[in-house]
Amino acid sequence: MNELVFFINKVLVSGSVLGSVYALGAVGVTLIFGILRFAHFAHGDMMTMGAFVSFLLAAAFAAIGIQTPLPTGFIVLPFALPIAAALALSIDRGFYKPLRDRGVRPVTLLIASIGVTLMIQGLIRLFFGVSNRSFFENEAKEIFRIAVIGAKRSISFSEPQVLLIITTVVAVTALHLFLTRSRLGKGMRAMADNADLARVSGINTGEVVRATWIIAGSLACLAGTMLALDVSLKPDLAFNIVLPIFAAAIVGGLGHPYGAIAGGFLVGFAETLAVFNWSSVLRPFKDVLPDGWTLPSNLSLVPTDYKLTVAFVILVIVLLFRPTGIFKGAST
Amino acid sequence: MTLIAASGLVAGYGGAPILNGVDLEVEPDDIAVIVGPNGAGKSTVLKAIFGLVAVAEGNVVFDGDDITNAAPDTLVPMGMSFVPQEFNIFTSMTVEENLEMGAYIRRDDFSETMASVYDMFPDLLSKRRQKAGELSGGQRQMVAMGRALMSKPKLLLMDEPSAGLSPIYMEQVFEHVQRVNRAGVCVLMVEQNARRALAIASKGLVIANGRNRFTGTGQDLINDPDVAKSFLGG
């Protein structure tokens, strides 16, 4: 039983947490790609920026003495999301829109987004320094433990992890309803499908572009804040995971929001399974091993330092069999 | 009372102009057909009217308003719709969603218009929940026309609607065009299939080298020996 609990803690809990963060990031990347046709490399830093917005708001809340039963970093989200959306809109207005209006090629926008990446990281370091910060300096991070009969360990997960998974489910459901029920959401899918025909149909494409940045910016802030609540806040918080996020978006089929969610969880679980130390689960079988065989102390498929490669192995394998990603195989 | 009039249109894609002074006048109940050799600028006339190609000289008047170089998203609310030749449906969306996108500019209840589109194209009713990309070529063309009709246009511009269709579907497209016209929509279309299209045209224009060559009723043009010899294959 100890081994099962260990597996649940290390794989199910960690995998769902990582998968949720990747999924929220990849949805934004895929929406931007679908509408504007370029790989938005600065998306990771939009997540980090969103987390810092929440951090500032949480500090302000603490300063005026607001105390809540849930983590303050989570409570401030209704205020942080609109600020992050406005920041995303102004980044588009200031850097990408002028380039689009001149009809540049997507590769130019990609390079511009790398510039935005460096700029955001620089600004964050300038104002906040390079140190790690925690949302939980003045409040306790609650840990839930579920005791399992017959096991010494208990299944444990933290409050931010639970909140992350719940908000991911809520955000994904809301996005689904928006894309399939609302006029603007359908217009967004129409523009991603065929931008010329969308324009010919009289769809206000500028409005769709703004809606895209609002959604992508808010989801990035959500993902960044939840990630910072789970681990800690630092200037390169999400820059480190922008590559697996892109891998997740591509695995799911670029431009396909449901694919991005599936891709996010696929990559998240693949990474946690790959670095999982299997010897701890196999320990009960050490007595039945043939003579001379011993269980190595570390039996993970990939050393933790090489975790990043897992996303790309998954990417290559999926693209070999489905060159357009998991979800796009059948149509178009 | 002319619905759409263009005079002296000079337009192109940046380099040498494709159109070198095209005139046209279409009445509200017309089926007007533009024919001519490949590369004559037939499609460019439609694109110049619909604001997809910049007009360098000349002007376009729609329903009394000067609309020269107006953008598509301002023209659709004024009562103009365009069916491109290719990529004219949203393949990843259902038939019904395609129609809804045609009505995107409308804030009123468009269920009646949708019912009338399904009346016109009964084949689509049973496929309404299916992705448009999964339909046959003829059905896709119906979706494309239906989408364009959802904004309740006075003028429907169609770029080679029969291109790439099998003969049976081609015949259907011409029947659909007549049905749309009988419902009170003016149709201005470009056709490669010149003889068949002129047979249903109340007005025909032959365009060559970016200029008007012949104008008349569809029947006049079919019977004109010069037109027949040079442009209708004898």
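Which element of chain B has the lowest mean pLDDT, and which the highest? In this predicted model, the lowest mean among the elements of chain B, 84, belongs to helix H10 (residues 225-231) of chain B, whereas H3(B) has the highest, 97. Chain B as a whole averages a pLDDT of 93, and 100% of the residues score at least 70. For the model, the scores are ipTM 0.92 and pTM 0.90.

The two chains meet in a contact to which chain B gives 22 residues and chain A gives 17 residues. On the side of chain B that touches chain A, the elements that supply two or more residues are helix H2 (72-78) and helix H3 (95-102) of chain B. Sorted by class, this side of chain B consists of 11 nonpolar, six polar and five charged residues.

Elsewhere in the description of chain B, helix H1 (residues 42-49) of chain B is largely enclosed by the rest of the structure, because seven of its eight residues are buried. These buried residues of H1(B) are Lys42(B), Thr44(B), Val45(B), Leu46(B), Lys47(B), Ala48(B) and Ile49(B). Just after H1(B) comes Gly51(B), which takes a positive phi of about 75°.

In chain A, a pair of helices can be described through their axes. The axes of helix H1 (residues 2-36) of chain A and helix H10 (residues 242-252) of chain A come within 8 Å and cross at roughly 65°; since angles of 65 to 115 degrees count as roughly perpendicular, H1(A) and H10(A) are therefore described as roughly perpendicular to each other. Their crossing is right-handed. From H1(A), the residues Tyr22(A), Gly25(A), Ala26(A), Val29(A) and Thr30(A) meet Pro244(A), Ile245(A), Phe246(A), Ala248(A), Ala249(A) and Gly252(A) of H10(A). The residues of this contact between H1(A) and H10(A) comprise eight nonpolar and three polar residues, with no charged ones.

A further position in chain A is Phe276(A), found in the loop between helix H11 (257-275) and helix H12 (279-282) of chain A. When its neighbours within four places in sequence are left aside, Phe276(A) is in contact with Lys10(A), Val11(A) and Ser300(A). Between Phe276(A) and Phe33(A), by comparison, the separation is 243 residues in sequence and 33 Å in space, taken from C-alpha to C-alpha.

Terms used
Residues numbered from 1 in each chain as written. Chains lettered and ligands numbered in written order. Predicted model: local features only at pLDDT ≥ 70, side-chain atom pairs only at ≥ 80, totals over all residues. Contact = placed C-beta atoms within 7 Å. Helix = DSSP H or I, 4+ residues; strand = E, 2+ residues; numbered from the N terminus. Nonpolar A, V, L, I, M, F, W, Y, C, P; charged D, E, K, R; others polar. Buried ≥ 20, exposed ≤ 12 C-beta atoms within 10 Å, placed from the backbone. pLDDT = per-residue confidence, 0-100. Axes fitted to C-alpha atoms, helices over the stretch in contact; angles between N-to-C directions. Parallel < 35°, antiparallel > 145°, perpendicular 65-115°, else oblique. Left-handed = near helix turned anticlockwise from the far one by under 90°.
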